[in-house]
Amino acid sequence: MTNRFSRRDVLKTSAATVAASVFASPLKAAPPEASPITPALIEAAKKEGKLTFYTAMDLTFAQHLGKAFETKYPGIAVRVERNGAERIFTRIAQEYGSRIHAVDVVNTADQAHCIIWTRNGWLAPYLPEEVAKYYDKGYYNPDALHITTRVLVSPFGYNTNLVKAEDAPKSFADLLDPKWAGKMVKAHPAYSGTIMNATFQIARDIGWDYFEKLAKQRVMQVQSATDTPKKVSLGERAVMVDGAGYLVIRYKEDGQPLDIIYPTEGTPLASGPSVLFKGAPNPNAGRLFQNWMHSREAQQFLVDWARQYSAHGQTKEKPSVRQLRDIKLMKEDPAAIVKEADAIKKRYAQIFKV
């Protein structure tokens, strides 16, 4: 599960393949003006007729999102390519290292990727009108190079057929109880951006020695944050240590035997930003998709269907779902992950022997 293309490799590659990085120029361009969706943009996008979207979203939702866009704008096909955020990061580095510009829009689950892409000069500024109007400025880059498309939490989940609510673990400390040995599942930071953030935050706030103790509990290791809820839903494990909280909510609403727990020490958090690439082969279709994806229409679809949190100020969450402001959250630190990601993957692999 190790990532063969490190962040250090990406930075080295960028120096060789990008003619001018953001650090090479003494002048900084003014942020772009907010852009509405106009008939001219729609027409230009239809002439291109397609766009490619790399995403760390779960595949089912990503495909639904693409289909909703195609219905809204007939004649523009969305090619969805889903993978873990860390794998997407590696793929783009390899493509750009080979001067292959295949992707238009990317959604990741790791803000650290945007820091590196920005340094490399690979991103195109674009500010959708509704982002300027309805998003808190903390949810988008001042230069409009990336926008938070979804806010992800990585809580516990448990199978209600296997575990009674009163017996379910309430804290990270509870997971070290011998009764959970061989009954837990956890995702891997070398594959998932959500889990990279979760692993970093747990190690920072609780300590790496916690993972060393957890490894003795014979924890099943899977790749994606979307895999852990599936394993618990199927009864292959009783408890998930981390993963896609939104899938626990969705599965529970569908009648599957799952419930969610927000650990007392704090729940790991990961923002999922989206970007446009300067080398996009379909720049107008990319702009239209980026604009629509951050509109109230698409963001409400994300809330209602995907059960994820939105940064759009006009979306409405179901009363049955705990509001983000009511969850004790750990704090993101994308800049620290840029520096530490490779070391995190290596140390994690050594501890869990994966």
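Me: How many cavities of 30 Å³ or more does the count come to?
Reply: The structure is a predicted model. In the largest cavity lies about 110 Å³ of space, and the second largest cavity has a volume of about 60 Å³. With the threshold set at 30 Å³ or more, the count of cavities is two.

Me: Which element gives the largest share of the lining of the largest cavity?
Reply: Lining this cavity are 16 residues, with Ala56, Arg82, Ser192, Thr194 and Ala225 nearest its centre. The elements that give two or more residues to the lining are β5 (147-153) and α7 (193-205). The largest share, three residues, comes from β5.

Me: Into which classes do the residues lining the second largest cavity divide?
Reply: The lining of the second largest cavity includes Val151, Leu152, Val153, Tyr246 and Arg307. Both β5 and α10 (245-253) supply at least two of its residues. By class, the lining divides into seven nonpolar, two polar and one charged.

Me: Which strands stand at the edges of the open sheet of five strands?
Reply: The order of the strands in this open sheet is β8-β7-β9-β6-β10, and the pairing is mixed. Two of these strands have a single partner strand each, so one side of each is left without a neighbour in the sheet. The edge strands are β8 (220-222) and β10.

Me: Which residue is the bridge partner of Gly157 in β10?
Reply: Strand β6 (residues 156-159) and β10 run antiparallel and are joined by four bridges. Within β10, the bridge partner of Gly157 is Ile260.

Me: Are the residues on the two faces of strand β10 buried or exposed?
Reply: Strand β10 spans residues 258-261, with Leu258 and Ile260 on one side.

Notes:
Residues numbered from 1 in each chain as written. Predicted model: local features only at pLDDT ≥ 70, side-chain atom pairs only at ≥ 80, totals over all residues. Heavy atoms only, no water. Buried < 20%, exposed > 50% of the residue type's maximum accessible area, 1.4 Å probe, protein only. Pairing = 2+ DSSP bridges. 1 Å grid on protein atoms, 1.4 Å probe; cavity = no way out; pocket = protein on both sides within 12 Å on 5 of 7 lines; lining within 4 Å. Points joined across faces, edges and corners; volume = space filled by probe spheres on them. Nonpolar A, V, L, I, M, F, W, Y, C, P; charged D, E, K, R; others polar.
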